[in-house]
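I wanted to see how the chains in this model sit against each other. Here are my notes.

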Amino acid sequence: MALIEHLTQEYLRTKKLPHIWCPGCGNGIVTAALIRAIERTGYDQRDVVIVSGIGCSSRAAGYLNFNTLHTTHGRALAFATGLKMARPELKLFVIMGDGDCSAIGGNHFIHAARRNIDLNAVIINNHIYGMTGGQHSPLTPTGMKATTAPRGTLERPFDLLVLARGAGATFAARGIAAQPRQLEQLIVRGATHKGFSVVEALSPCPIAYGRRNKLGGAVEMLRSMKDSSISVERAAETEDAELKDKTITGVIYSFDAPEYAEEYYRSISDNKG
Amino acid sequence: MPETKPVLMQGNEACALGAISAGVRFYAGYPITPSTEIAEHMAEKLPDLGGVFIQMEDEIASMAAIIGASIGGMRTLTATSGPGFSLKQENIGYAIMAEIPCVVVNVQRMGPSTGVPTAPAQGDVMQARWGTHGDHPIIVFSPASVYETYYLTIAAVNLSQKLRQPVIILLDEVIGHMREKVLIPEAGKLLVEKASDLVPSDWKPYDEKGLTPLVPFGFGHYYHVTGLFHDQYGFPTGDPPQVERALDRLHHKLEKNRDEIILTNYIGHKEPRVAIVTYGCTVRSARAVVTKAYWQNRLPVGLLSLQTIWPFPAREIEALAKQVDVIIVPEMNMGQIVGEVERYARGQAEVIPLNRYDGEMINPDQIYEQMGRWLS
Amino acid sequence: MENRQEILLTGAGGQGLILASIVLAEAAVNDNKNVVQTQSYGPEARGGASMAGVIIDIDTIEYPEVTRPAVLLCMNQASFNKYLPKIEPGCTVIVDSTFVSGPFHKDYKVQSFPITRMAKEKLGRDVVANMLALGVINAATGIVNRDIFRESIFKLAPRGSGELNQQAFDLGYHLYEEGPGQDVGISVQTPQ
Ligand code: SF4
């Protein structure tokens, strides 16, 4: 209890509450996990920067008591790249939604991954454009309904973490709002990983997604999210056929590679010397 | 001002060197003709100065990256040309709204669209003014020579810092690409105005009482930066009186510093009958004409050249219109600044457009011919 | 205006004309003159043709484009065909007879020198043909003080090639002083 109060005082802009999110929205759960994760990293509050794009989830930046940068739609990683290069000592967490990150921001996403710049991307994936009222995103599963796909979308979704891997990201993990403790740990792991880290957080949007697709309310959505998930470790021991409709959670992969900002500053000091 | 030996310098290089003299240490860009030499110079020079050069994945990202770096406390610049300038508009608007200093160079080429990538044109004048959406203020310089490119870049950096406002340099392809003899002040002797490092504890990023210097991220002031309308701490608001005040704030800071922003130059007769008003490389042709007509032939003509085109030098035009019968406005487009000249001439003088849009400069003969018609 | 001298250097990409124009401009700056240098960009500069203009004046240079060249250098046949009709009579036309075979119209003062061939034969390097051409031009016009020109060439030449480039420049003077080849108006071509 004491810890929660401390976190609330320190890291939440309580005056900015109540938040704008709908009742039952998963954004609050993910944001809380993020706050706890930041606390656990032990970073100085002054060094932490929250960068976000545009969308429901990106509004989180406004509620967090750090230096916060709420950018334009899809561009959060590009702003963050400039800031990180200017001030490599800062710890940047970049919150994006699924449409924000993978549609309009797709180019910035793959190039941040390619550079392996030390940014911690937290993508809150609710499979829908929530703020604009429920249009399909590149992460909406095929067949699901949206206001712009009233008969179900025909498009195939990205697997964000496979995309990240192909583009060169050196850390990728997936968590779910239904398991906030695990999510918190994954964000910590991503934050302490040197290089571009991607944490995909599946999160229920009962209002713009759940209702239209008859997935029930927040509680039902969280429950089915939990039921259909399986940890990486367990998945390794499970038959492929059984994994077909499962969401694999945990650290999907992690490896080391040169980090861009560090390489850049090393190269310029080498040249000088 | 101490001056060293004259050197031969290209316009794009002068822009890069001016930026560096003014303290720019961060450049993000994307290759595009005819601005690429600026990026190349920055890539060459910035690393040795401990600065950052980064080639981004696209023009949108370049603009975003310089804003990010400015928030980190660096002086920043990016350069592009028409197609890239179109892409940068989104985040130029962001920088205006969030009051983040940065300098954007557009080495203009002939458009629309891909147009003629290497042909000069002055078709982006209105885009520079209104390219990003919303009712925003903007500062735009238009240099007429390599030397002007150098010092206007310095002025742009300093003004953008002081006013926390993006400044655009609308360079002509002709100026960007040509080499010219210039006298560049000795490095290090230039006065770089510095925003105060001393920040009071009650500092607010968007203080209602007036403009405050930007405190970079990482110093314990946990403010919010957003493209939404915001209160004095940067937090979103949709409250009508606050929204109105916030927009007024953006405009007032330019109006208050008008004298520092508006740069124009008049040469010619004390009591002219015919005046030319122009900007950028077209000033060169106009100056050739006025030099001949006034200095050699003592004709009652003059030239008002505009180094600043936005905010528009309305007062200067008003005053000029009262003196002359005719104002000729040569431009390498179908007529963009001429509309503003007409508006502020307020019927006091006849305003005559002189346009060329075939990818070539307006030459002195064309201006001379037009002027001659009004003198006889 | 009367002091304004415009020099147009034309030829093929790879003949070093842009560099030559920069060297000429730099030399003029060092000789205390005002200078504007321009060059062609764009697709034509990628493909084959190359063109650069230098304007030198003791007064301020306003209009930066070449309109009435006092000197036209043509280093290949295509540029000769293209630019000769654009100049005014009285312009000094210098062509590289290695690549240009005429026809030489009598209205123009065309002087032909085996520029590239000499660079190759006498100096063993056809890449210095551009400096040789500058030697011819400066000998013909005296636009820039010869010593200052030589110094500027040395300074701008890639490391280690300063002297070679100066020799090429001097050879240009030599060629000019010997007088235009007997090949004026005649096709004297060495195979490319
Ligand atoms: S629309 Fe969906 S994502 Fe947005 S706040 Fe409401 S529940 Fe959350």
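Predicted model: local features only at pLDDT ≥ 70, side-chain atom pairs only at ≥ 80, totals over all residues.

Started with buried area, meaning the accessible area (1.4 Å probe) that two parts lose on being put together, summed over both. Chain A and chain B bury about 3,100 Å² between them, and carbon and sulfur atoms give 59% of that. On chain A's side, A:Asn67, A:His70 and A:Phe79 supply 18% of the area buried against chain B, more than any other three residues.

Residues are numbered from 1 along each chain as its sequence is written, chains are lettered from A in the order in which they are written, and side-chain values use heavy atoms, with hydrogens and water left out.

Next I looked up contacts (heavy atoms within 4.5 Å). I found 37 residues of chain A in contact with 40 residues of chain B. Two pairs of chains are in contact, and A with B shares the most contacts. Chain A and chain C do not touch; their nearest C-alpha atoms are 21 Å apart.

Then salt bridges (a side-chain nitrogen of Lys or Arg within 4 Å of a carboxyl oxygen of Asp or Glu). The rule finds three across the interface of chain A and chain B. I noted A:Lys16 with B:Asp231, at 3.9 Å, N to O.
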